[in-house]
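Here are a few notes to read alongside the model. Take them one at a time, with the picture open beside you.

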Amino acid sequence: MTSYGTIPTSTAPGTSSDLDFVSRGKQRLKAGLATRVPWRLMFDFHSFTLPFNFHETFSRIKTNIVYFRMNYVIIVLLILFFSLIWHPISLIVFTAMLAVWLFLYFLRDEPLILFGRLINDRLVMAVLSVFTLVFLFLTKATLNILLSLLIGAVLVLIHAALRKTDDLFLDEGATTVYTFGSDAPGTSVSLYSS
């Protein structure tokens, strides 16, 4: 076999795999952040109204938490991060746990399989949340952590209660009813039937 016209190149043994790893990481970061809803849709001021009754409030909260799940996690993690600025050990632990969050929740491009079983995104989020809190509580920044989580939860609930859900669609072409038990990112169902 001849290779006329090709220019031979030589690469260092580890360079190619390092570049591939960085390239895959960038692609996974873009794909992982693509599952979040655009911030302008989340904070569209024309979509905020007071709910009429408790049932509508609960329905809005349930729908918005599923739809904006990735955005809400980012908001709560940012509030937690800023609350730990004056606790360097807690900040180091939080940064390490944030790296775990990135690889196991935000940047995964394939489903997580453990012992031959498919692990749900909500379970991954719950387990990571528990581990993050346990490790942070071990750093003795309990008051900061509890206050930041309370502030984050209140902000999420206020947004979820006030944000209308009639314009939220996971896939504009789908016409099936969205169920609360399924995973929002990556599914092709809408929130309401047409």
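1. The unreviewed UniProt entry annotates residues 91-107, 119-139 and 145-162 as "transmembrane region". UniProt positions follow the numbering used here, feature names are shortened, and annotations may be inferred rather than shown by experiment. This is a predicted model, where local features need pLDDT of at least 70 and side-chain atom pairs count only at pLDDT 80 or more, while totals for chains, interfaces and linings use all residues. Residues are numbered from 1 along each chain as its sequence is written, and side-chain values use heavy atoms, with hydrogens and water left out.

2. How much helix is there over residues 119-139? The chain there is 81% helix and 5% strand, with its end C-alpha atoms 29 Å apart. Residues 145-162 are 100% helix and 0% strand, and their end C-alpha atoms lie 26 Å apart. Helices (H or I, at least four residues) and strands (E, at least two) are DSSP runs, numbered from the N terminus.

3. Now look at α7, residues 142-162. Its buried residues (under 20% relative accessible area, 1.4 Å probe, protein chains only) are Ile145, Ser148, Gly152, Val156, His159, Ala160 and Ala161. Among the elements covering them are α2 (39-42), α3 (54-67), α4 (69-83) and α6 (121-137).

4. Beyond its neighbours within four places in sequence, leucine 84 is in contact (heavy atoms within 4.5 Å) with Ser90, Leu91, Phe94, Leu136, Ala141, Asn144 and Ile145.

Conventions. The expected span of a helix is 1.5 Å times one less than its number of residues. Buried means under 20% relative accessible area, exposed over 50%, partly exposed in between (1.4 Å probe, protein chains only).
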